[in-house]
Amino acid sequence: MEKDPGVVLATERYGSAESWKYLCKDGVMERRRDGSEGESRGNSVIGVFKSVFLPQGYPESVSGDYLQYQFWDTVQAFSSSLSGTLATQASLRGVGVGNQEATVAAATVTWLLRDGTGMLGRILFAWRKGSKLDSEAKKWRLFADILNDIAMFMEILAPYFPAFFTLIVCTAGIFKSIVGVAGGATRAALTVHQARRDNMADISAKDGSQETLVNLAGLLVSLILIPLVTDNPVLTLSLFFLFTVLHLFANYKAVRSVVMETFNEARLSIVLQQYLRDERILNPLEANQREPVFLEFGKAVPIKLGVRLQEIVQSPDELSLALKGNDRPYLLGIRNGCVCVCLGPEASVHDEIRAMCQAVWLSSMLSPKESTCSSPKQQSHWEMVHESHKLMDTIFSPFLRGVEAAGWDIKRTLLDWNEWRFEWKTKTS
């Protein structure tokens, strides 16, 4: 005969985890876990693991790409930890650990020079490239890890070139300082993307716990590796290249798995070009899969955002041309092979997106590939700017509605605007 469980008064659930029932039996309220006992025990173990290593409220509190990114990030961190062990061993041997002729003073000077040059490199890189790390987080994240592998390779080779040891380790120190800035800053940008409940601190803290666990596992494996690779350069280099290949592959998969819903220059360009071809709006997943993740050096027609007015117009006549047919709080112009955009102080986010769309169209029309396919009649730069205004008057409103419906966040952007803002006194139609 089955035992009467009682009347269910209420149920409760912790996030998307296990649920509980409140039962009334013989006038007494009792709390009981849903599911069988074996299931409950398994859920309890998983629940402890989640609470230790995953943000509270997972998976609802994070972006949909969180788990895939963290998996590949864990793989790359593990392989980087092992490569770092090999590099550290080589650096210690290079400064004289185990060598009776080496002096403490010489080793200390080498270490201080390495750290000092690294500090200077950190400051200079943050000054020159700090504003780019938000808009191009994926590219700089991958760049940082490639540079880190190069730095470790230099440290491994340094002991075999004793005459240049200090120069090599100082150069590697500069590279590693750049890695520290770029890696830390882009990780913060990705944390902002992953946080769905303004829980950046919790995500960052749990990421630290995951990294600590991975480094602990790497430490245990390193204890096995060190006796094997000592005084064996062939095995050291072989293992280093193996770990480096795994590290780079995992990093590529990690940045490829990120699906950002905000526009930067690359994503907006991809979505706009597709819309101009067939009026189809790409969703964030499709656009992110097409987004390049390697840094591009020397674009054919670069775009400069938030420039000074004199970079667009250099006479009152040119200002009149720039204002012709334009009732928006920004100006566009083409100067020295660059598409330049001046922004007014009252410009909204939608104005920024529209200005960027025009700049992308102008850049594509000026590119050598498009120029060879265009009609024989050559337009002046100002005619092209005026044509871009007319094009945006026609397509921008439906385009903006389409991207919002496709899941893009148009309340903010990751476009790389400089801080110059301008106001003009008169407008010419």
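Predicted model: local features only at pLDDT ≥ 70, side-chain atom pairs only at ≥ 80, totals over all residues.
1. Next, the cysteines. How many disulfides does the structure hold? The count is zero. Cys338 is in no disulfide, and the nearest cysteine sulfur, which belongs to Cys340, is 5.6 Å away. Is Cys338 buried or exposed? With a relative accessibility of 10%, Cys338 counts as buried, because the cut-off for buried is under 20%. Cys24, at 29% relative accessibility, counts as partly exposed.

2. Now to the aromatic rings. Searching the whole structure turns up twelve aromatic pairs. One of them joins Phe153 and Phe240: the ring centres are 5.9 Å apart and the planes meet at 20 degrees, so this pair is stacked. Where do these two residues sit in the chain? Phe153 belongs to helix H5 (residues 137-157) and Phe240 to helix H8 (residues 233-257), so that the pair links distant parts of the chain, 87 residues apart. As for accessibility, Phe240 is buried, with a relative accessible area of 2%, whereas Phe153 is partly exposed at 27%.

3. Tyr252 and Phe294 make another stacked pair, with ring centres 6.1 Å apart and planes at 20 degrees. This pair, too, links distant parts of the chain, 42 residues apart. Tyr252 lies in helix H8, while Phe294 lies in the loop between helix H10 (284-290) and strand S4 (303-305). Tyr252 counts as partly exposed at 32% relative accessibility, and Phe294 counts as partly exposed at 48%.

4. Phe71, Trp72 and Phe249 are linked into a cluster by ring pairs. Elsewhere, look for Trp127: Arg128 lies over the face of its ring, at 5.3 Å from the ring centre.

5. What about enclosed space? A search of the whole structure finds one cavity of 30 Å³ or more. The largest cavity has a volume of about 40 Å³. Its lining includes Asp134, Ser135, Glu136, Ala137, Lys138 and Lys139, along with Met260, Asn264, Arg267, Glu291 and Leu414. Helix H4 (132-135) and H5 are the elements that give two or more residues to this lining. Which element gives the largest share? H5 does, with three residues.

6. Finally, the open space. The largest pocket has a volume of about 980 Å³. It is lined by 30 residues, and those nearest its centre are Lys129, Lys132, Glu265, Ile303 and Asp416. The elements contributing two or more residues to the lining of the largest pocket are helix H3 (104-129), H4, H5 and S4. Of these, S4 provides the largest share, three residues. If you are finding your way around, note that H4 and H5 are named for the lining of the largest cavity and also for that of the largest pocket.

Key: Residues numbered from 1 in each chain as written. Heavy atoms only, no water. Disulfide = S-S within 2.5 Å. Buried < 20%, exposed > 50% of the residue type's maximum accessible area, 1.4 Å probe, protein only. Phe/Tyr/Trp six-rings, centres within 6.5 Å; stacked < 30°, edge-to-face > 60°. Helix = DSSP H or I, 4+ residues; strand = E, 2+ residues; numbered from the N terminus. Lys NZ or Arg CZ within 6 Å of the ring centre and 35° of its normal. 1 Å grid on protein atoms, 1.4 Å probe; cavity = no way out; pocket = protein on both sides within 12 Å on 5 of 7 lines; lining within 4 Å. Points joined across faces, edges and corners; volume = space filled by probe spheres on them.
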